[in-house]
Amino acid sequence: MVLLVTFVIIYAFTAMVIGDMTLQQASNLVRFVYFAVAGLLWVIPAGAIIWWMERSGKNQT
């Protein structure tokens, strides 16, 4: 669980910094699309972490 929370915090900070540094001169539409995609993209690795946590819990019982 600590890994998942740490990942989400680091991912959100990184996506925010990248978006802020690279999209300062971009239109509002481009910024909206970037942050919408970045806001949804974290689900894939988070799902993998949850799957890994669930799988390792079943092996120990």
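Reply: L29, F32, V33, V37, L41 and I44 form a nonpolar patch on the surface. Together they have about 630 Å² of accessible area. Such a patch takes residues with over 30% relative accessible area and no salt bridge, and joins nonpolar side chains (Val, Leu, Ile, Met, Phe, Trp, Tyr) within 5 Å. A salt bridge is a side-chain nitrogen of Lys or Arg within 4 Å of a carboxyl oxygen of Asp or Glu. Areas come from the Shrake-Rupley method with a 1.4 Å probe, and only the protein chains shown count as cover for residues.

This is a predicted model: local features need pLDDT of at least 70, side-chain atom pairs count only at pLDDT 80 or more, and totals for chains, interfaces and linings use all residues. Residues are numbered from 1 along each chain as its sequence is written, and side-chain values use heavy atoms, leaving out hydrogens and water.

Helix 2 (residues 28–41) gives the patch its largest share, 5 residues. Helices are DSSP runs of H or I, at least four residues, numbered from the N terminus. F32 sits in helix 2. F32 counts as exposed because its relative accessibility is 58%. The cut-offs are under 20% relative accessible area for buried, over 50% for exposed, and partly exposed in between.

Now the aromatic rings. The whole structure holds 2 aromatic pairs. The ring centres of Y34 and F35 lie 5.0 Å apart with planes at 75°, so this pair is edge-to-face. Rings of Phe, Tyr and Trp (its six-membered ring) pair with centres within 6.5 Å; planes over 60 degrees apart are edge-to-face, under 30 stacked, the rest tilted. Y34 is partly exposed at 23%. F35 is partly exposed too, at 39%.

Methods:
Patch = residues over 30% accessible without salt bridge, like charges linked within 9 Å, V, L, I, M, F, W, Y side chains within 5 Å. Helix = DSSP H or I, 4+ residues; strand = E, 2+ residues; numbered from the N terminus. Buried < 20%, exposed > 50% of the residue type's maximum accessible area, 1.4 Å probe, protein only.
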